[in-house]
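Here is a quick briefing to read alongside the model. Have the sequence and the 3D view open while you go through it.

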Amino acid sequence: MKKISLLLLLLSGILLAIGQVSVPYKFPYQAVVRGADNQLLQNQTVGVRVSVLEGSTSGNAVFVETHSAQTNANGVLSLTIGTGNAQVGNLSSSVHWGTAENFLKVEIDPQGASNYTLSTTQQLVSVPYALYAQSAGNGFSGDYNDLIHKPNVPVLPTNVSYFYNDAQYLTAARLNELMDSLLSPYIQTIDSLNALINAQAAAINSLVNTMDTLANGGFRCGIYKVTDFDGNEYHTLQLGNQCWMKENLRTTHYSNGMPIPMGSTTDYLNAYCYYPNNQSLNMQTYGLLYNWAAAMNGAATSNSSPSGVQGICPNGWHLPSESEWGDLVSYLQTLTDAVCGSTNTNLAKAVASTTGWVSSTVPCAVGNEPWDNNVSGFSALPSGYYNGNYSAFASTASFWSATEVDNANAYQFGILHDAAQLNMPTTGYGKNNAMSVRCVLN
C-alpha cells in the first residue's frame with residue numbers, strides 16, 4: 001500500500017459572526033495531502049473520517065462524521081467539519097466544549113473510499129471552543145440565585161383573586177365586576193329609554209299620519225309611508241280599493257311594543273325567523289318570516305273584507321283575509337297589461353319582482369323573462385318559507401292571510417317561479433310554518 005504523509009492545517013477561527021443570534025455548529029478544516037514520493041495528490045477524490053475524542057487521544061469518540069472531498073491543484077483538502085455524513089453524535093450536543101478536553105482525529109483513504117490508511121490526532125484548542133460561547137461559559141447559569149447584585153424584587157402576593165388582597169391589587173376580574181355593578185342600572189335605563197323612544201316615535205308617526213289624513217282628506221297611499229314599532233319604514237301602493245305595503249314586514253315587536261320571540265317555528269308559539277346567510281341584508285330586502293300565530297297575535301280567524309285583524313301589523317293596518325287576497329286578484333284581472341297570454345288567471349308575473357327569481361322556461365311563468373314582471377308594482381320577492389328548514393328561497397313567495405282552514409292550517413297567497421298562475425291552495429298551509437306578511441290599510 002502506498003505510503004502517504006498528511007499535513008494538517010487547522011484554521012485560526014470558526015465561522016462565527018459577533019452578535020449573531022444562533023451559533024453555527026461547524027468549523028473549517030484544511031490539510032495538504034502528499035504521496036510517498038512527497039508529491040502532492042492533486043485534484044483527487046479522497047475519503048475522510050473526522051472524529052472528536054473526549055479526554056485524550058484515545059478517548060471515546062463523541063462525534064464522528066465522514067466526507068468525500070476533492071483536493072485542489074495544490075493538493076489542499078478543504079472541508080467544513082459539522083457538515084459531513086453524521087455517524088456518531090453531533091457537534092451541538094454531543095461534544096462538551098466547555099467542560100472537557102477534546103481532540104480532533106482525522107483519517108483519510110486516498111482512494112476515495114472508507115479504507116482509512118492515514119490517521120492523525122491533535123488537541124483542539126481555543127478556536128473551536130468559541131462554540132462554547134453559545135452557552136456563555138462565564139455568564140448566567142439560568143439559576144436566579146447564582147446572580148451577583150440581584151435586584152430587589154417584591155414578594156408576589158398569594159391572594160389576588162379579589163379587590164382586597166394582600167398586595168392591594170385591583171385585579172382584572174374584580175375591575176370587570178365593579179364596572180358591571182356600576183353600569184348595569186344605567187344600561188337597563190338606557191334600554192328602557194330606547195324602548196320608550198321607539199314607542200313614542202311610532203306613536204308620533206301614527207299621529208302625524210292621522211293629522212295628514214284629517215288635513216288632506218285621507219291617507220295618501222303611494223305617497224305616505226307607514227312605520228312599524230321598530231322604526232322600519234314601508235312604501236305604500238294603491239291597487240284598486242286597497243292600499244298595500246309595498247315591502248314585506250320585518251318588525252320584531254307588535255304595535256304595543258311587546259317583543260316577538262325569535263326561534264324555531266315548529267310549534268304554535270308566536271315566533272319569527274329569517275334566512276341565516278347575510279341575515280342583515282336578507283332582513284332588509286326580504287323581510288322576516290312569521291308563523292301564523294305570530295302574524296295573528298291572538299286574534300280570531302276572519303274572512304271578512306276588511307278582515308278586522310290587526311295582528312302583527314302597525315296601528316291603522318291589518319292582516320288581509322283570504323277574501324281580500326281574492327279582491328286583489330279580481331282587480332288585477334281588470335288590468336289588460338297584468339294578464340299574460342290569453343288566460344286571465346295568468347297573473348303571477350304582474351305581482352312578482354323583476355329580480356331574484358330562479359329562471360324557468362314555462363310560458364308566462366315568473367322566472368321566464370322576469371324583466372317583464374311587476375306591472376302592478378306589488379314587488380313580491382322570493383323569500384321562501386320555513387317548515388323546519390329554510391326552503392324555496394329564490395323560487396317561492398308566500399304570504400299569510402287572516403283566514404284559517406282548520407285548527408292546523410291557514411290560507412296563504414303564493415307565487416311560484418315556474419308557474420303563470422297565482423298559488424292560492426284551498427287546503428291552506430300549516431300554521432306552524434313561517435312565511436312573509438303584507439299589511440293592508442284599514
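V50 has V106 in β7 as its bridge partner. Everything here comes from a predicted model, where local features need pLDDT of at least 70, side-chain atom pairs count only at pLDDT 80 or more, and totals for chains, interfaces and linings use all residues. Residues are numbered from 1 along each chain as its sequence is written, and side-chain values use heavy atoms, with hydrogens and water left out.

**The sheet around β3**

- β3 belongs to an open sheet of 5 strands, ordered β6-β4-β3-β7-β8 with antiparallel pairing; strands pair if DSSP finds at least two bridges between them.
- The edges are taken by β6 (85–88) and β8 (118–123), each with a single partner strand, so one side of each has no neighbour in the sheet.
- On average, neighbouring strands of this sheet are turned by 20 degrees against each other, direction ignored (axes are lines fitted to C-alpha atoms, for helices over the stretch in contact, and angles run from 0 to 180 degrees between N-to-C directions).
- Strands here are DSSP runs of E with at least two residues, helices are runs of H or I with at least four, and both are numbered from the N terminus.
- β3 and β7 run antiparallel and are joined by 8 bridges, and in that pairing V52 stands opposite L104 in β7.
- β3 and strand β4 (residues 60–70) also run antiparallel, joined by 10 bridges.
- The hairpin of β3 and β4 has 5 residues between the strands, and G55 takes a positive phi near 95 degrees there.

**Salt bridges**

- Side chains of opposite charge can pair when their charged atoms come close.
- A search of the whole structure turns up 3 salt bridges (a side-chain nitrogen of Lys or Arg within 4 Å of a carboxyl oxygen of Asp or Glu).
- One of them joins E107 and R49, at 2.8 Å from N to O.
- That pair links distant parts of the chain, with E107 in strand β7 (residues 102–109) and R49 in strand β3 (residues 45–54), 58 residues apart.
- E107 counts as buried at 10% relative accessibility, while R49 is partly exposed at 28%.
- K431 and E404 also meet in a salt bridge, at 2.5 Å from N to O.
- K431 sits in the loop between β20 (429–430) and β21 (434–435) and E404 in strand β18 (residues 396–404), so this pair ties together parts that are 27 residues apart in sequence.
- K431 is buried, with a relative accessible area of 6%, whereas E404 counts as partly exposed at 26%.
- K225 pairs with E233, the closest N and O atoms being 3.7 Å apart.
- K225 is partly exposed at 36% relative accessible area, and E233 is partly exposed as well, at 42%.

- Most residues other than glycine have a negative phi, and most peptide bonds are trans.
- The peptide bond from S305 to P306 is cis, with omega near 5 degrees.
- P306 lies in the loop between α3 (292–296) and β15 (317–318).
- E369 is not a glycine, yet has a positive phi of about 55 degrees.
- You'll find E369 in the loop between α5 (348–351) and β16 (385–386), and E369 is partly exposed, with a relative accessible area of 41%.
- A394 has a positive phi too, near 80 degrees, and is a residue other than glycine.
- A394 is in the loop between β17 (390–391) and β18, and A394 is buried at 16% relative accessible area.

**A nonpolar surface patch**

- L175, M179, L182, L183, Y186, I187 and I190 form a nonpolar patch on the surface, with about 680 Å² of accessible area together.- Patches are made of residues with over 30% relative accessible area and no salt bridge, joining like charges within 9 Å and nonpolar side chains (Val, Leu, Ile, Met, Phe, Trp, Tyr) within 5 Å.
- Accessible areas come from the Shrake-Rupley method with a 1.4 Å probe, and for residues only the protein chains shown count as cover.
- I187, one of the patch residues, is in helix α1 (residues 172–216) and is partly exposed, with a relative accessible area of 45%.

Terms used
Buried means under 20% relative accessible area, exposed over 50%, partly exposed in between (1.4 Å probe, protein chains only).
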